[in-house]
Amino acid sequence: MRLHQLPCLVALALLAAMVGACEPPIHIKLASAAERLPSPEFIISEPSQPVEKPRYSYVSVMDLDGTLMWAFRKLPPSFEVSPARLSYGVLPEGFEELDPPKPLVPGRTYSIGVSGEGSGGFHFHVSHDGTIREAR
């Protein structure tokens, strides 16, 4: 091997190690374009898993001002398959509430975050008429 090739091989090895250490993404979206208060629904997916079998163990919803609106975790904390569909304020079976749900307020923007082996987040806005849309 030539000496000038060594830096390229080291850089390639570092890049491979960094990519391999990344968390798998978890995607979150609204269940439909017709979601509204009081319990909008979200679809959670993990591209590295079969459809309808995301793995997550913690969910939180926060107002963008930092107020925790709702939080829950899997019992016992594990990365087994969790529900692919969540309704705000409805605790899924096999989870415990860490902070009970507070009412979502029209005119506010919120963030839902999901974590486990991977993580993901989604921002949504509650319109004054109670409809929910993705925040951009």
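**Notes on the predicted model**

1. The protein has a mean pLDDT of 84, with 78% of its residues reaching 70 or more; pLDDT is the predictor's confidence in each residue, from 0 to 100. This is a predicted model, in which local features need pLDDT of at least 70 and side-chain atom pairs count only at pLDDT 80 or more, while totals for chains, interfaces and linings use all residues. Residues are numbered from 1 along each chain as its sequence is written, and side-chain values use heavy atoms, with hydrogens and water left out.

2. Confidence is lowest in helix 1 (residues 6-20), at a mean of 42, and highest in strand 9 (residues 132-134), at 98. Helices (H or I, at least four residues) and strands (E, at least two) are DSSP runs, numbered from the N terminus. The pLDDT is below 50 over residues 6-21, a stretch that has two contacts in the model beyond near neighbours in sequence; contact means heavy atoms within 4.5 Å. Where pLDDT is low, the predicted coordinates should not be read in detail.

3. An open sheet of six strands is arranged in the order 6-4-3-7-8-9, with antiparallel pairing; two strands pair if DSSP finds at least two bridges between them. Strands 6 and 9 stand at the edges with a single partner strand each, so one side of each has no neighbour in the sheet.

4. Strands 7 and 8 run antiparallel and are joined by seven bridges. S111 lies in strand 7 (residues 109-115), and its bridge partner in strand 8 is H123. Leaving aside neighbours within four places in sequence, the contacts of S111 include S60, L64, F122 and H123. The C-alpha atoms of S111 and F122 are separated by 5.6 Å, although the two residues are eleven apart along the chain.

5. Seven aromatic pairs are found in the whole structure; rings of Phe, Tyr and Trp (its six-membered ring) pair if their centres lie within 6.5 Å, with planes under 30 degrees apart counted as stacked, over 60 as edge-to-face and the rest as tilted. The ring centres of F42 and F122 are 6.4 Å apart and the planes are at 70°, so this pair is edge-to-face. F42 lies in strand 2 (residues 41-45) and F122 in strand 8 (residues 119-126), so the pair ties together parts that are 80 residues apart in sequence. F42 counts as buried at 1% relative accessibility; buried means under 20% relative accessible area, exposed over 50%, partly exposed in between (1.4 Å probe, protein chains only).
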